[in-house]
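Open the model in your viewer and keep the selection tool ready. Each stop tells you what to pick and what to look for.

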Amino acid sequence: MSYIFLQNYWWFLIALLGGLLVFLMFVQGANLQLGNRTFSDLQKRMVLNSTGRKWELTFTTLVTFGGAFFASFPLFYSTSFGGAYWVWVLLLLSFVFQAVAYEFQNKKENLIGVKGFRTALMVNGFLAPFLVGTAVGTFFTGSDFTVNKVAIADPASPVISTWGNSWHGLEALGQFHAVLLGCALVFLTCILGALYILNNIDDTQIHSQVRRTVKLCIVPFLAFFLCWLVILLVGVGYAVDEAGVVSLEKYKYLHNFLQMPAVLILFLVGVVLVLWGIFQGAFTQSRGGIWPAGIGTVLVVMAVFFIAGYNGTAYYPSCTDLQSSLTIRNSSSSQFTLQVMFWVSLLIPFVLAYIVYAWHQMDKKKITPDEISGTPHKY
Amino acid sequence: MDVIFWSRIQFAMTAAYHWLFVPLTLGLALVMAIMETLYLIKKDDFWKKTAQFWMKLFAINFAVGIATGIILEFEFGTNWSNYSWFVGDMFGAPLAIEGILAFFMEATFFAVMFFGWDKVGKRFHLVSTWLTGIGATISAYWILVANGWMQNPVGTTFNPETVRSEMASASAFWEVITNPVAVSKFFHAITSGWVTGGIFVVGVSAWYLLRNRHSEFAKKSMLIGAIVGLVGSGAVMLSGDSSGVHAAEFQPMKLAAAEGLQDGGNGAAFTIVPGIKVPKMLSILATHNPDGFVPGINDILNGYTDDEGNVVPSVAEKMAMGREALVALSIYRTTDDPSEKAEARYALEENVQYMGYGHLEKAEDVVPPVGVVFWSFRLMIGLGMLIALVLLLALIAVWKDKLGAWKWLLWAAVICIPLAYITGQCGWIVAEVGRQPWTIQGLLPVNVAISSLSAGAVKTTFFIFLAIFTLFLAIEIRIMVSAIKKGPETIKE
């Protein structure tokens, strides 16, 4: 296996993990329903127990997504995490509270009360997709950093990757284009969460409410996403040539779609599936909209990662120093390490199979008011 | 206090909190899996209810372990940017294996174990319970492969083109995953988790017996807890012995600090506490030879010749060679002159094993805080032996039906619960403080491993994380105590 093949393969897996992560953030979107005032406490608890049986998969996918970047593209891990410090810290803080909120919130000894933990879940419901979306948005807008590997030989200033400002990532909140993607992701996860609840909980009142949520989110989601897409396609992108020299190229991402028709098809199929899932949830009696919308989300996110990194593109551009931009060629692990990980990655279908099996076993019986009232095994 | 200090203290605090929750996860996972297995074998609902009670406590603890764990993983990137680049290629494969094999196994089967009693078959549920524990154990192995590599960086080559450590061959990968330091650390950490889980079950059961509540539940739980804890104690001692030998071989300064040994020699004595020594014991523990040579702090600073005649340079000499390596690296990376480049590469390869020393300001920087390591080591051993004794007596008391008569033992078991946590913390202090100033032994000191952040930023996040983790710990203890006070019937709300 050539080095180039392995680098491309691992970028493919990063894209897949990114897609799965965004899909699994239906947990975050569904948790925003905890603020729905028309829900009784029992209904909120049904929502909580529904997402409570899936949150670990989202959390684990996030950890694996970070771990996969560390393993396959360590220069991104060291540059982005150490540089855009506050963005990642904020994201982690929201997930940390999520991790304990399920177990703690209905215990009277929990010190900050049910409302405290439910608020934490809702904050996570908004912040997680918003920050992930905005951070991925900077893959196209660029960030303020420089990379100088020889710095490690300088005892006075040994850090290889340095951030150019003291906002340490928060400046991305001022990048209109990146924020558009963050906002689009918030509404998309809200829709996915509503579709998931529709599928996983047996309660007609909840069904009518979450269908309403889907309808309410369609326009803002499409508006933010289409604005982001149009600006992306007509804007300037970061091209990298065979010698590794990075330059600005007008319509770069449009060119990427056109020069990689398979990616364009993947993207369009993904968009159609998402819209189909939304249509099913909002305007039909079907409860299965989560599946086309979920699969579509994975495909769209993968296509977005592909145009960010493939076809001679710098996936983590530096707007301070173009030549510091990260590409899948200059930021990856060595050929041998990628090769070892390639063999390990062949286990992924097996892992997916047992997750699907366990999920199927657990979800054969939908969550009902009777179950939540009766079972001791609940959050 | 600078950014290096705050980065270190933040990582240390996160790791210390994480290790408050992980051992109980590892230990209770085994205890409850055994109990659920008994339920299936004996078809007795008593064992189902018993397993469910301990599972309830497991779930309370598990959540905080996950919360602290994710921070720990991401702090490698957020606070140790240079380190992340330098080691990324070495940790890639172990982390990929951990993520794919362990994380998803834990996450998937925990949900089945906790919510699946009425949703899946008994056998599938039992398999899920075992797989939750096995997932946690596999995860521990791979993270300790990474930790073991930091203590003893085997199978690596420094690549000046990429400026990082790289794994270049299948034999190097094999060296990394079978690194003797990693293997003994894995057994030491996992089995110390069994001890913590065992003494936790024994202590909680003892509390019920002191209150004359749930006697049958408490006695049977205590029996299983004592057996798991004792097996763990035996394995901890064996793997601890290996760890001592490995420290002598790969991290002699850590051993010297743990012993407070200023001047070493042949037939070195082991200091139990200052003033009380066992002749030749340190040489036996470190080299398995009563007359083996054990270097002290001054020997390492000034250089010495070991038993096999190998001359170990002084730290000052290593620093000089390290600086040559850094200069050579700088020239190699910046010059366009092929002959100058070749010369620089040669000089780099000659001195690269001491490159990390080139970043030190003075030789004494290689000496870790001796007092902290010395006393942590003694507390770890002393408390560990006390806990093993209490576990043994608990087993005898259950066996001989003496629990009613030996009230003092029941109190001792209760007191041993917090002591087990102190023991675990002391163990990690010895392992991690003892290897300062190195993030990677000999290759990368802490002052070069950091991110380009201000001290104020890291100080702020330190206090935020400290407040959150302390809050979580306080809540966990309150909920755990409340659940224990209610007793096994709390499984029915």
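This tour moves from the meeting of the chains down to single residues. Keep in mind that the model is predicted.

**Stop 1: where the chains meet**

Colour chain A and chain B separately. Here 66 residues of chain A are in contact with 75 residues of chain B. Now select helix H4 (55–72) of chain A. H4(A) gives the most to the side of chain A that touches chain B, namely 12 residues. What classes of residue make up the side of chain A that touches chain B? There are 40 nonpolar, 19 polar and 7 charged residues.

**Stop 2: one residue at the meeting point**

Stay on helix H6 of chain A and pick A:Val96. Is A:Val96 buried or exposed? A:Val96 counts as buried because it has 23 C-beta neighbours inside 10 Å; the cut-off for buried is 20 or more. Leaving out residues up to four places away in sequence, A:Val96 touches B:Ala67, B:Ile70, B:Ile71 and B:Ile468.

**Stop 3**

**Stop 3: the nonpolar core**

Show the largest nonpolar core, with its 296 residues. A:Ala184, A:Phe187, A:Ile191, B:Met32 and B:Trp54 touch the most other members. Helix H3 (residues 81–115) of chain B gives the most to this core, with 22 residues. Now zoom in on B:Met32. Leaving aside neighbours within four places in sequence, B:Met32 is in contact with B:Ala51, B:Trp54, B:Met55, B:Phe58 and B:Thr129.

**Stop 4: two domains in chain B**

Colour chain B by its domain assignment: domain 1 is 3–251 + 370–491, and domain 2 is 265–357. Their centres, taken over C-alpha atoms, are separated by 32 Å. Across the boundary, 11 residues of domain 1 are in contact with 16 residues of domain 2. Select helix H7 (215–250) and strand S10 (444–445) of chain B, which each supply at least two residues of the side of domain 1 that touches domain 2. H7(B) gives the most to that side, with 3 residues.

**Stop 5: a bent helix and a cis bond**

Select helix H14 (residues 407–433) of chain B, which has 27 residues and reaches 39 Å from its first C-alpha to its last. Where does H14(B) bend? The bend is at B:Ile417, by about 35°, and B:Pro418 follows within four residues. Move on to B:Pro437, in the loop between H14 and strand S9 (438–440) of chain B. The peptide bond from B:Gln436 to B:Pro437 is cis, with omega near 15°.

**Stop 6: positive phi**

Pick B:Asn212, in the loop between helix H6 (180–210) and H7 of chain B. Its phi is near 55°, a positive value in a residue other than glycine. B:Asn212 is exposed, since 9 other C-beta atoms lie within 10 Å. Finish at B:Lys280, in the loop between strand S5 (276–278) and helix H9 (281–287) of chain B. B:Lys280 has a positive phi of about 65°, although it is not a glycine. With 17 C-beta neighbours inside 10 Å, B:Lys280 counts as partly exposed.

How values were computed: Residues are numbered from 1 along each chain as its sequence is written. Chains are lettered from A and ligands numbered from 1 in the order in which they are written. This is a predicted model: local features need pLDDT of at least 70, side-chain atom pairs count only at pLDDT 80 or more; totals for chains, interfaces and linings use all residues. Domain bounds come from an automatic or database domain assignment. Two residues are in contact if their C-beta atoms, placed from the backbone, lie within 7 Å. Ala, Val, Leu, Ile, Met, Phe, Trp, Tyr, Cys and Pro count as nonpolar, Asp, Glu, Lys and Arg as charged, and the others, Gly among them, as polar. A nonpolar core is a set of buried Ala, Val, Leu, Ile, Met, Phe, Trp, Tyr and Cys residues joined through C-beta atoms within 7 Å. A residue is buried if 20 or more other C-beta atoms lie within 10 Å of its own, exposed if 12 or fewer, and partly exposed in between; C-beta atoms are placed from the backbone. The expected span of a helix is 1.5 Å times one less than its number of residues. The bend at a residue is the angle between axes fitted to the seven residues ending there and the seven starting there.
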